[in-house]
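Hi,

Here is the structure I promised to pass on. Have a look at it first, and then read my notes below.

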Amino acid sequence: MTTIRQRRVGKGTEAAEDQPSEETNVKPDGKIPPDPAGGKLWNILSITVGGIVAIALGLVTSVYVATLHENDLWFSNIKEVEREISFRTECGLYYSYYKQMIQAASIQQGLHGLVYDNKTESVRTINILERMNVYQEVFLSILYRILPIQQYLEPVYFYIYTLFGLQAVYVIALYVTSWLLSGTWLSGLLAACWYITNRVDTTRVEFTIPLRENWALPFFAVQIAAITYLLRTHLQPAQERLTLMVVFIATFLFSLTWQFNQFMMLIQALALFILDCLDMLPTAKVTWLYIIQISGLLLVCVLQFFNSMILGSLLISFNVSVLIARTIQKNLKKGGLLKRLGKLILHALLVLCLTLLINKFIKKILNLESDEHIFKFLKAKFGFGATRDFDANLYLCEEAFGLLPLNTFSRLSSTLLFYVYGFVLFLLTVAAVIVAFRNLSGSNHVQLKEKMEEYTVTLKPDAAYSLVHTVLFGCLALSTMRMKYLWTSHMCVFASFGLCSTEVWKLILKCLHLYTSQRTQVIKYSIPIITLLYISFKFWPGIMDELAELREFYDPDTVELMNWIKSNTPSTAVFAGSMQLLAGVKLCTGRTLTNHPHYEDKNLRERTKQIYQIYAKRSPGDVYGILRSFGTDYVILEDSICYERRHSRGCRLRDLLDVANGHIMDGSGENEPDLKPSLYPRFCEEIKKNLPSYTMHFTRVFQNKTFHVYKLAKHK
């Protein structure tokens, strides 16, 4: 069990907006006043200062998380095997391909080893580039090999520094998005500070470095910043084309680096669909964004050797359906309120039916079942019937896939983030509902403009998109804790935008009958500055204490296991065990695995369920036959799984296996009526008694406080 222990002592003000809103630049008669003397120079100065602050905050964040990682593990002092063990579960699997590429005799040989891989899944040859999103490891390894840095920088540091560097890109993108929405870089400064002070809930990069989301989310943030700029009015054609190119590149990189990209972009497409239906976004730009999503995903599909899971994604089916439905129904945005509502309901139903039909057709043609576990999980999670499906229950019982804990909100509230976010969200939601209603009602344009003057903030397409984006990703985060990082980072952007927005404060003051231009400007700058001062005084001492706390990596049992495997087993040996442990076995020892944590393959899921019978109530002959069918030479049993106490009854791995096998669970408590007692004791417990029925198949060759390794006999 990996733990962290205390380290032993041993070795050595902005005054103006850079982008004033259109409202402040337009007179009631629609004429644009002349630019005051020095205004252009002031804007250039503001943009320069804001840009410098953005880059500085990005670099500070990067250094901050890198320092936390070093202080937490004493990474610079521990052995290579300990560094690799610190890349837990699937992180270790992904990093192993970077290591494999680095150690290959040539780049060509390294790529060949990935395309024809027979060590990740025993008795099978798989294409890693098709199955997994590891192009970033390939690119980084090639970069490391061709750059003259080998003498100065170890491969592992080149890898982790790249990830920490991407955090700088992430923060800069959040900063720019908030700046674009509000028109002032003070908003970006506040967003970045909230991101840093709420680090526990906005990122986990410092302890899950190779995780796919840590590669992907910075590109997703860049994409959102580019979309925010694209949705501004009065862009020049050249600006629009350049922005669309940035959106495409960011979308492509986001899709290339994370296997769950299609689900995140489906939510994004749904946000665009809702806003387009409510006439709150320009249809032409929305169409371009649909096309960019499809083309980006298809390009990734080509690079991943026509991965069927991408072709069968709901995102492609949905976007194609929207474009077809729009062609069929051409007059969606004409008519009165009731007529338009009726058209929109029919439009939504048509899109839904087309999406399901197209998706089902594609999956039927491709015989696609790779993502069925996700839909089984969603069905069980939202109460559409209980399930005994092992894969679905494996997700349901993990805390990361449960509901967002309530203590998250108390942490976010301590920095004032959640309070400000909730206030801005409520205000803009009410205003957006009114605007949507008036858009659909087809009121006279002049009357609408006069009546809605105080709601102009919600008429801005970029603000409207940000609102729906944060609502939809908020729903995702509330339902699945692991996805909170997509929401909390944007929460920082949305809250800071609301606090620094001229339109928001103008709306509030007009409702209170206190509006003056000067008062709006004073509040717009003073409230964010006060908030920044409060955050600085309250959290600066804690951050300094956190940076001063020194600990070190400590997992002697796993280190002993890995060293034993490297020293006492053939390089061609095949190992079976838990998914999480085997990822480390591959990284640290290079041995062949029977299963691993990358779960997006039906055959692998079935294989994993079979391998996990080592923790079920099965006969030694049955377990031996299963293991040998996958070419297993050694099996590793973990006491932390066999005698698990982390989960409650019904969610322990052994309970999931018992229920899936139709057996009664251990311990006191209820069982479903059709479950029956097993004819055999639990394999992982009984094997330790060295009974003849077990020793004829299994010989214990290694043991410590955590792990037991058994060698399988090779019967003729």
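Let me start with a cysteine pair. The link between Cys397 and Cys651 is left-handed, with -75° about the S-S bond. It bridges distant parts of the chain, 254 residues apart: Cys397 is in the loop between helix H19 (390-396) and helix H20 (407-414), and Cys651 is in the loop between helix H32 (639-642) and helix H33 (653-660). The two sulfur atoms are 2.1 Å apart, and a disulfide here is a pair of cysteine sulfur atoms within 2.5 Å. Helices are DSSP runs (H or I, at least four residues), numbered from the N terminus.

Before going further, some ground rules: this is a predicted model, where local features need pLDDT of at least 70 and side-chain atom pairs count only at pLDDT 80 or more, while totals for chains, interfaces and linings use all residues. Residues are numbered from 1 along each chain as its sequence is written, and side-chain values use heavy atoms, with hydrogens and water left out.

How covered are those two cysteines? Cys397 counts as buried because its relative accessibility is 13%, whereas Cys651, at 23%, is partly exposed. For the cut-offs, buried means under 20% relative accessible area, exposed means over 50%, and partly exposed is in between (1.4 Å probe, protein chains only).

How many disulfides does a search of the whole structure find? It finds two. The other pair is Cys642 with Cys684, S to S 2.0 Å. The torsion about their S-S bond is about 80°, so this disulfide is right-handed. Cys642 sits in helix H32 and Cys684 in helix H34 (residues 683-686), so to speak distant parts of the chain, 42 residues apart. Both of these cysteines are buried. Counting bonded cysteines along the chain, the pattern is 1-3, 2-4.

Cys91 is in no disulfide, and the nearest cysteine sulfur, that of Cys588, is 13 Å away. Cys91 is buried, at 4% relative accessibility. Cys500 is in no disulfide either; its nearest cysteine sulfur belongs to Cys193, 11 Å away. With a relative accessible area of 0%, Cys500 is buried too.

Finally, take a look at helix H8. Its 28 residues (155-182) should span 40 Å at 1.5 Å a residue, and the end C-alpha atoms are 41 Å apart, which agrees; the expected span is 1.5 Å times one less than the number of residues. H8 is mostly covered, with 21 of the 28 residues buried. Just after H8 comes Gly183, with a positive phi of about 90°.

Cheers

Note on methods: Helix = DSSP H or I, 4+ residues; strand = E, 2+ residues; numbered from the N terminus.
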